[in-house]
Amino acid sequence: MGVLMSRRQTVERVQKVSLAVSAFKDGLREQPSTRRRAEAGTTRQGTLEQEVQEGEEEPSAGPSQAEESSASKAAWERLRDGRGVEPEEFDRANRFTPPAFIRPKRELHDDEPPDISLEQREQIVNDEMCEICEVWTAESLFPCRICHRVYHDGCLRRMGYLQKDSAVEVTETAHTETGWSCYYCDNLNLLLTEEEMYSLMETLKSCKIIPESCLTLDDFLHYKHQVHKQQFERTMPEAQEEQAALQFNALDPDKKGHIEWQDFLSHESIQLLQKIRPQNALLRLLTPKERERARAAFLALDQDNDGLIGEGECRQARHTWFRKHQKEMLSCNV
């Protein structure tokens with residue numbers, strides 16, 4: 001993947017040229033001052049100073065078309081490789097390189113019903129070393145509630161995956177029953193295979209979606225209209241347009257007027273998984289921690305241990321749940 005020249009690198013390049021100009025001037029003072037050498041030195045000096053001036057003007061001129069094309073290409077490559085967004089404000093000199101991620105592959109038996117036993121519990125074992133720096137520091141590691149990976153909060157900050165708000169969430173919920181999910185598990189796009197990711201990228205490109213950008217309601221509806229027209233060769237009816245507007249509102253709970261790129265990408269990845277994979281294949285995407293949590297929830301509802309949850313058991317579970325949360329609820333709507 002090509003690396004764009006940042007503003008800091010451009011300034012360093014200009015400084016190096018300035019040092020070369022200063023050294024050249026000092027060399028002219030030490031040499032015999034003949035008219036021919038002085039004229040040649042003046043010509044060469046003017047050329048170098050002109051190059052420095054042009055180099056200083058380049059950053060203020062703004063990104064060229066080639067740089068914009070390179071930035072777009074880099075964004076599509078990050079999307080394909082599952083590396084996500086790389087904001088410009090990150091200090092790249094002090095950042096760790098994200099571990100390589102290999103997208104999953106479909107197996108021949110994925111569509112068959114998975115063999116999940118209720119009696120045989122799965123042993124959950126977390127990694128002993130941080131996924132990023134591969135260093136063991138015992139209690140300072142934060143486990144993910146979905147996968148087996150563990151992390152240092154400092155490593156997550158250096159990679160840019162842990163901001164001020166999310167740092168509090170990690171420290172408060174990582175070791176609780178609720179738990180905290182890492183950036184791998186939060187990115188549902190990583191569940192797609194290479195073929196599925198290629199199909200999604202082609203759809204986004206054909207609909208003129210710019211990667212790593214926010215989408216307004218008009219952008220989202222325009223995208224949904226184009227996708228529907230490509231699939232069915234007709235315009236999208238009003239009922240589906242209203243449903244798409246509700247999807248946008250669900251992705252924008254804070255009412256910002258736009259949805260973030262990661263939320264949009266996860267939403268489209270879920271839509272693609274539901275479209276092309278049967279239920280058995282989706283069940284195989286569950287991790288051991290997720291299977292164990294589902295098993296514990298099922299066994300808690302199956303009071304007669306017959307392997308089925310009947311209507312009475314469901315009614316009892318709802319009654320118990322509402323009694324447990326009665327003091328916290330403000331109304332029946334909640």
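Tutor: Happy to! Keep in mind that this is a predicted model. Let's begin with T193, which lies in the loop between α6 (183–186) and α7 (194–206). T193 counts as buried because its relative accessibility is 3%, and the cut-off for buried is under 20%. Leaving aside residues up to four places away in sequence, T193 touches R103, P104, K105, R106 and R277.

Now for the rings. The model has seven aromatic pairs. One of them is Y151 with Y183: the ring centres are 5.6 Å apart and the planes meet at 55°, so this pair is tilted. Y151 belongs to strand β2 (residues 150–151) and Y183 to helix α6, so the pair links distant parts of the chain, 32 residues apart. Both Y151 and Y183 are buried.

F220 and F248 also form a tilted aromatic pair, with 5.9 Å from centre to centre and 50° between the planes. Here, too, distant parts of the chain are linked: F220 is in helix α8 (residues 217–232) and F248 is in helix α9 (residues 238–251), 28 residues apart. Both F220 and F248 are buried. These two rings belong to one aromatic cluster together with Y223, W261 and F264.

Finally, look at a charge beside a ring: the charged end of R149 sits over the ring of Y184, 4.2 Å from the ring's centre.

Terms used. Residues numbered from 1 in each chain as written. Predicted model: local features only at pLDDT ≥ 70, side-chain atom pairs only at ≥ 80, totals over all residues. Heavy atoms only, no water. Helix = DSSP H or I, 4+ residues; strand = E, 2+ residues; numbered from the N terminus. Buried < 20%, exposed > 50% of the residue type's maximum accessible area, 1.4 Å probe, protein only. Contact = heavy atoms within 4.5 Å. Phe/Tyr/Trp six-rings, centres within 6.5 Å; stacked < 30°, edge-to-face > 60°. Lys NZ or Arg CZ within 6 Å of the ring centre and 35° of its normal.
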